[in-house]
Amino acid sequence: MLKITEPMQCIARLVIKRQKLLSSLYHSSVPSCKENKDIISTDKENIQIIKKETDTGLMRPKFEASQDIQSPPPPEEDQPNPRDRKNKIDMRFIPKKYTKTPQAIQFTKKSALIFDSLESKPKTLQTFKTACNIYLDKEGLYRRGHVEFIYAARDKLKEYNLNYDLNAYKALMNVFPKERLKPRSKIEAEFRRYPKQQDCAIEVLDTMGKNGVIPDVQFYNLILSVFGEYSHVTRKLQRTMYWLPKFKHANPWPIPKLLPDNKIELAKLALKRMAFDINNELTVWKTTETEENPNEDTFIVSAQSAKQRELIKKLSPDKAVFVDGGYNVYLRNVMQTYFVLRADPEPEPEVKVDEEEDLFNWTTIFEEEKPSSIVLKKSVHEQEDGVILGMCITGSSTRDSLVSWIRYLQDSNPNLEHIPVVFTLKTVGQGTDVVKYDQQNQKQSSAS
């Protein structure tokens, strides 16, 4: 049993339901005063404290535990929330991850069945709208499970090839019930009325932003009819409509939304983005058309400029060139493997330094530094780690296709016939090979 030893000013009942609050009351310290003992009934869930009215003013109660009852443990420290941001000024909203209830799982299964029933039909925008209309016909009044249906339909956008179609996102937003989710005041809007529905809409807007889909006025009016003017969803949409058009054409090397299916065209598109020299030339070879008995049927797309051919002419036959790769480059979600022909970097020219140093004439950061010698400016192909002499993408990305690429380059680069070539490939199971060619484009020696 617990005993109270402090006077009270009024009679009241305090129901404490949380163990953490009980612990804080137990460990609090108050000054001693007159004895006024009342017996308190204890329970695991509720603890009732009877206060009495006295003349001595209101004091904080002090609890004393008898020998039969063990003292409760001290309050646990609050664990750090992983969602707390280090930068408190960052006001970006992160949607919350909700745990799925059995009812939500059931709604998700029903949503999947709607798309499964349309599996035989062609996967077009009309079929996607038909699935949304089927749900609206079933749950048109109460819209039960509309959040789960929107999540399921959003995952089907890539399968239906509708990632970049604004009409598909309009069909998704039309599933939300109208006028019911609007906040009734600005204060209620700040407390996020219907947070689960707003998180769902914000994730749909994030998907639109990643795919570069710009909302229009009709989409904006649709959001206003669902969430109102002061909701978090509307703020997210307003920022998207302001910033996304500004960044749409900011990329100097844009990628088409629908990539070509031809592998040769994909290779050309990737090499154009990497070889940014204005005088760059793309050449396509097919082994079946250029060789009588090729080792494999593949294609080779090569990128080389006139400046790179001049650098090959200046190379010494005593130094080897290297074929490095393969490296990966992505065009949206399509990966391409490319290889680089490079040489070792040229040593830096020695700059003459005056032996007699003037200790009284110092150069500050506000003065221009006078050049001590004249050095030729390097081209974009001459980097610190090496000189880039060419790039290529092959259909098979094998060593045989790269040997054919070097053989084709010898037609426009005669000096390459006298230079040894070292293949440093990252492909599993292949080592480092040294291949040397003579003037008749024949292989003389090969060592592994």
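**Close-up 1. The side chain of H146 and the backbone oxygen of R143.** The side chain of H146 reaches the backbone oxygen of R143 at 2.7 Å. That is a polar contact (a pair of N or O atoms within 3.5 Å; within protein, one must be able to donate a hydrogen and the other to accept it, and residues adjacent in sequence count only if both atoms are side-chain atoms). This is a predicted model, where local features need pLDDT of at least 70 and side-chain atom pairs count only at pLDDT 80 or more, while totals for chains, interfaces and linings use all residues. Residues are numbered from 1 along each chain as its sequence is written, and side-chain values use heavy atoms, with hydrogens and water left out.

Close-up 2. You will find H146 in helix 4, residues 146-155; helices here are DSSP runs of H or I with at least four residues, strands are runs of E with at least two, and both are numbered from the N terminus. Is H146 buried or exposed? With a relative accessibility of 8%, H146 is buried (under 20% relative accessible area; exposed is over 50% and partly exposed in between, with a 1.4 Å probe and protein chains only). Leaving aside neighbours within four places in sequence, H146 is in contact with Y135, V175, F176, P177 and Q197, where contact means heavy atoms within 4.5 Å.

**Close-up 3. Helix 4 beside helix 7.** Helix 4 packs with helix 7 (residues 195-210) at an angle of about 15°, and their axes are 10 Å apart. Axes are lines fitted to C-alpha atoms, for helices over the stretch in contact, and angles run from 0 to 180 degrees between N-to-C directions. The two helices are therefore roughly parallel, a label for angles under 35 degrees. Helix 4 brings H146, V147, E148, I150, Y151 and R154 to the contact, and helix 7 brings K196, Q197, D199, C200, E203, V204 and T207.

**Close-up 4. G140 in a loop.** Look for G140 in the loop between helix 3 (125-138) and helix 4. G140 has a relative accessible area of 37%, so this residue is partly exposed.

Close-up 5. T298 sits in the loop between helix 11 (287-290) and strand 7 (299-304). T298 counts as buried because its relative accessibility is 8%. A polar atom of the T298 side chain lies 3.2 Å from the backbone nitrogen of G395. Not counting residues up to four places away in sequence, T298 touches W285, K286, T287, T394, G395, S396 and S401.

Key. Parallel < 35°, antiparallel > 145°, perpendicular 65-115°, else oblique.
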